[in-house]
Amino acid sequence: MDVEVLHHGGAVQVGSERLRLKDLLGPDRLQGGGLRIKGARLAEHSLWLALSDGTEHQVPLPPAKTTDRLATLIVRNIGQLLTMQGEGGVGLVAHAAVVCCREHVLEVVPDRDALSAVALAPGCRVVDACGGVVSPGLVDPHTHPVFGGERSVEFGLKAAGRSYLEIHKAGGGILSTVRSTRAATFDQLARSCGANLTRLLAWGVTTCEGKSGYDLTLEGELRLLEVLRTAGDCHPVDLHATLLGAHTLPPEYIDEREAYVELVAGQMVPRAAAEGLCRFCDAYCEDGAFTPEEVERIFRAAQAAGLGLRLHAEQFTDQHGTELAVALGAASADHLEAVGAAAIEALAGSRTTAVLLPGAALACRCPWPPARALLDAGVPVALGTDLNPGSSMTSSLPLMMSLACMQLGMTCEESWRAVTCVAAASLGLGDQIGRVAAGLQADLVIFDAPDYRYIPYHYADNHARVVIKRGRVVLERQRD
Ligand code: NIG
Ligand code: FE
C-alpha cells in the first residue's frame, strides 16, 4: 500500500503517525541531512522507501513502546562526566559510564560496572571515552540557519569602519539576505540549512532553535518554516522552529508599517501556528526594526495562537523590549548588549531566560552583554551562536563559552550550564535534554580533553570527538 510522503520528503504518514526520515533511517545514516523520501510503500511490519539518492530501503517500522531495560549503547571510561544535575556547577561525576537504552539514558554508573549493571541488548555498542570529558549534547537556543546567499562584501565594509546599523538602514544587512533568500529554491534553502546544522553538530550541538525571518512575505515566511521542518526531519540535529516575520520592515511596506505589523499578527502568526510550523514567535525590537508597541501587537497574537515568545531585545539601543518580554512571560530575551538596570531587575523576578550572543557583540563591536550583573541578580543565562549571515557568522557554541569566560565575566561552570541545561529550559525542553540522567534523551558529546575547563580555555579549537544523538553515534572523529 502506498503511503503519503509529507514535508517535501522529510516524513511519511503511516496510519495516524507521522514518521520523519530520521526516525526511519536512524540519524547516523542521513548523509548530513541531504537525503529526502521520494516514495514509500507499506509492507508487513516494514516500510519500503525510495530515496533521493536513487537507493531503495526496506526499513522496519519503529518498534512499539516496550519497557525492557537492555543496554543498546554504553559510553565508558569517562574521565569527567558533566551531568548538570544540581542547582549550580556542572554536576561532575568522575570515572563514570553512561548506559543508554535506545533513545534514552538508562543509568549513570561507576565505570567499573559499565558492562555488568544492565543486561546488554544484542549488538550493544560500547564507545570508549578514553578518559575524556562527556557532556550533554549542546543546545543552541538562538540561530538563523535558513537563508540564501552570504554577506562577505558587507563584512569587508564593516572591517573598513561602517557600522551594522548604518548598513542595515541603507537597505543592506537583513534586506540583502531577504533578496537572496526570496530568489532561492526550497531545495537550495533546505540543503544550506542542513549544512548549517552539520556545522553546529561538528561542535557538539544536538538540538537547536532556528528562526525564519529572511523572506518577510506571508507565503515566504511559511515556506522558510517548512524548510526548517524538512531540514530538521532529515538531519540528526533536532530543530525547534521560530517565526521571525517581524525581523525588519520589508521594502514593499516601507510606508505602511501598520499594515505589515497587521500582516504578521493577523495572518502570519495564526497560519504558522495552525499549520504546526513553529513553537515560538520572535521579533526584532530595535531602532530601524520594530517598536515595543508593534512587537506587543504581534506577541499578543502569538500568545492567542499558543506560541511561546522570544525577543531580539536591546542589541544596539535600549528600547525597553526586555520589560515587554518579561511582562508577557516570554521564554527568552536575547542579545541584551544595551539592557538597562531596571530590565535586569525585571528579568530577575521572572521566568524569562537571558540568551546572550557574544558572537554578535564581537562582530558588531557592541559592548559585551552584562552577564555578570544578570547572573548575580539570579537571572538564568543561556548562550547562543546567533548563527546568521550578518551579525554572527559562526557555528561554534564552544567559542561562545570561551567569550563568556574571557570577556563576559562568566565562570566556566556558568558557561557550561548556559549551553546545556539553561538553554534547554529556555526552549521548554528541560525535562528531556540538557542534562545527563536516567530517563532523559541520550544526547552526549565526548570531548578529547582532560578537564571540562579545557573546552572554553581552548578558544576556537574543536575538541568534540564523538557526538551521540538519541542513543546513536552521529559523528566520530579519529583521536589525534
Ligand atoms: O540576531 N538582529 C537581528 N537579527 C540578527 C541579525 C540578522 C542579520 O544581520 O542578517 C541578529 O543579530
Ligand atoms: Fe538573532
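Analyst: The chain is divided into domain 1 (4–60), domain 2 (71–137 + 434–476) and domain 3 (138–426), with bounds from an automatic or database domain assignment. This is a predicted model, in which local features need pLDDT of at least 70 and side-chain atom pairs count only at pLDDT 80 or more, while totals for chains, interfaces and linings use all residues. Residues are numbered from 1 along each chain as its sequence is written, and chains are lettered from A and ligands numbered from 1 in the order in which they are written.

User: How many residues does the contact take from domain 1 and from domain 3?

Analyst: The contact takes 14 residues from domain 1 and 14 residues from domain 3, where contact requires C-beta atoms, placed from the backbone, within 7 Å. The centres of these two domains, taken over C-alpha atoms, are separated by 31 Å.

User: In what order do the strands of the open sheet lie?

Analyst: Strands of a sheet pair through backbone hydrogen bonds, either parallel or antiparallel. Here 3 strands lie in the order 1-2-3 with antiparallel pairing; strands are DSSP runs of E, at least two residues, numbered from the N terminus, and two strands pair if DSSP finds at least two bridges between them. Strand 1 (4–6) and strand 3 (17–20) are the edge strands, each pairing on one side only. Strand 2 (residues 11–14) is joined to strand 3 by 4 bridges, and V14 has E17 in strand 3 as its bridge partner.

User: Which residues is V269 in contact with, leaving aside neighbours within four places in sequence?

Analyst: They are L243, V264, C281, I298, A301, A302, A305 and L307.

Note on methods
Two residues are in contact if their C-beta atoms, placed from the backbone, lie within 7 Å.
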